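Here is a friendly briefing to read with the model open beside you.

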Amino acid sequence: MSVSVEAMSTDPRGKQAVGEGGGVSGASAEDVLRPHAEEAFAAELAALAGQDDRPRPARWKMSPWAVATYLLGGTLPDGTVITPKYVGPRRIVEVAVSTLATDRALLLLGVPGTAKTWVSEHLAAAVSGDSTLLVQGTAGTPEEAIRYGWNYAQLLANGPSRAALVPSPVMRAMAEGMTARVEELTRIPADVQDSLITILSEKTLPIPELGAEVQAVRGFNLIATANDRDRGVNDLSSALRRRFNTVVLPLPESVDAEVDIVSRRVDQLGRSLDLPAVPDGVDEIRRVVTVFRELRDGITSDGRTKLKSPSGTLSTAEAISVVTNGLALAAHFGDGILRAGDVAAGILGAVVRDPAADRVVWQEYLEAVVRERDGWTDFYRACREVGA
């Protein structure tokens, strides 16, 4: 017996925010601190779908070509500009999108800060028009988060029934032919991870309590993200890994590429947070990116000086955070221009995670590299000041 999700209990919140007292707020996308991708870029998605005359897989909102264009950016025939959501090799995006058009699930793998979650969200938004069918992986994620749970009041009153069943985001995606997302898959306990094996191989989710099952309809697929840098990682079993096509998202290949990524994302965040525009910030962004890349790579950009690397990842995402915080300082407590003093504290916090070991690494870098670099005197003084 097959079970329809429409007949089950569902999350009453839908895509709205829960307000005080458990009520539902009707906040518009403009009022939400971080709108979902399909809301923030609704105009671009609509423009792409409207001009997309290429073949579309079942239940996709647009063709694979249009999905790739949405992520990578471009200009449509009518002049509509699609902003890049991901700056990186085009082939990586093409492989990820084409995977979703098959019966293979997609695993986005990479070190922290390589935009795995960002890419996952935008892929789901472009393919299904909904990026919210999400399971957040943690060490405490239960099997019910991937399979299904129960409304215990109804379960105790009436026993197992369709009305008492609470579908997971994955179950809903299977029944509706949509894209589900599992974030930080390797943080989920191994036995819970393996509950995906039947879903991905047989495209069915058994419900033994009801003697029923949910079968995936055409259009269903799953995107998972994972990294192997953080502590507490649970390796994927070989059986589960075989069910995924793995795409590795690399760190930005050049300083210019990383500066571009940071600049674009900081601009988006600044507008969403109503931060006043700060002119001429690209020089400080380039310095932040240069510091992170050199310490991350263990060598200066000119290749002349080897460096010790700190314990942190110093990812692009952390660079975005440092610059965004610097913009807030410059706008609210400075003269409106992003300066070295606005980013120095953020850099110190990102680099020095282990107070004992990392502080030595940072001090050596300041004295051996920053102090001797032309045009970096103000940055050297600001960093010495906050680290005193």
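Phe379 touches Arg287, Val291, Ala340, Val343, Ile347 and Val370, leaving aside residues up to four places away in sequence; contact here means heavy atoms within 4.5 Å. Please keep in mind that this is a predicted model, where local features need pLDDT of at least 70, side-chain atom pairs count only at pLDDT 80 or more, and totals for chains, interfaces and linings use all residues. Residues are numbered from 1 along each chain as its sequence is written, and side-chain values use heavy atoms, with hydrogens and water left out.

**The chain as a whole**

- The chain has 16 helices and 13 strands; these are DSSP runs numbered from the N terminus, with helices (H or I) of at least four residues and strands (E) of at least two.
- Of the 388 residues in the chain, 46% count as buried; buried means under 20% relative accessible area, exposed means over 50%, and partly exposed lies in between, with a 1.4 Å probe and protein chains only.
- Among contacts in the chain with a separation of 6 or more, 72% come from residues 24 or more positions apart.

**The nonpolar cores**

- In soluble globular proteins, nonpolar side chains tend to be buried together.
- A nonpolar core is a set of buried Ala, Val, Leu, Ile, Met, Phe, Trp, Tyr and Cys residues joined through side-chain atoms within 4.5 Å.
- The largest nonpolar core holds 38 residues, and the members that touch the most other members are Val291, Phe292, Ile347, Trp362 and Phe379.
- At least two residues of this core come from each of helix H11 (255-272), helix H12 (282-297), helix H13 (316-333), helix H14 (340-351), helix H15 (357-370) and helix H16 (377-387).
- H14 gives the most to this core, with seven residues.
- Apart from it lies another core, of 37 residues, which includes Ala164, Met178, Ile207 and Ala212.

- Two packed helices are described by the angle between their axes and the distance between the axes.
- Axes are lines fitted to C-alpha atoms, for helices over the stretch in contact, and angles run from 0 to 180 degrees between N-to-C directions.
- H11 and H12 pack at about 125 degrees with their axes 9 Å apart, and are therefore oblique to each other; angles under 35 degrees count as roughly parallel, over 145 as roughly antiparallel, 65 to 115 as roughly perpendicular and the rest as oblique.
- H11 passes H12 in a right-handed crossing; a crossing is right-handed if the near helix is turned clockwise from the far one by less than a right angle, and left-handed if anticlockwise.
- On the H11 side, Val255, Asp256, Glu258, Val259, Val262 and Ser263 meet Val282, Ile285, Arg286, Val289, Thr290, Arg293 and Arg296 of H12.
- The contact of H11 with H12 has six nonpolar, two polar and five charged residues; Ala, Val, Leu, Ile, Met, Phe, Trp, Tyr, Cys and Pro count as nonpolar, Asp, Glu, Lys and Arg as charged, and the others, Gly among them, as polar.
- H12 and H15 pack at about 115 degrees with axes 12 Å apart, and are therefore roughly perpendicular to each other.
- Thr290, Val291, Glu294 and Leu295 of H12 make this contact with Val361, Trp362, Tyr365 and Val369 of H15.
- By class, the contact of H12 with H15 has six nonpolar residues, one polar and one charged.

**How H3 packs against H5**

- The axes of helix H3 (residues 64-72) and helix H5 (residues 116-128) come within 10 Å and cross at roughly 140 degrees, which makes H3 oblique to H5.
- Val67, Tyr70 and Leu71 in H3 meet Val119, His122, Leu123, Ala126 and Val127 in H5.

**Single residues to look at**

- Ile199 sits in helix H9 and counts as buried, at 1% relative accessibility.
- Ile199 touches Ile146, Val170, Met174, Thr204, Leu205 and Phe220, not counting residues up to four places away in sequence.
- Glu184 has a positive phi of about 55 degrees although it is not a glycine, and is found in the loop between strand E9 (179-183) and helix H8 (190-193).
- Glu184 is buried, with a relative accessible area of 18%.
- Lys203, also not a glycine, has a positive phi of about 55 degrees and lies in the loop between helix H9 (196-202) and strand E10 (204-207).
- Lys203 is partly exposed, with a relative accessible area of 22%.
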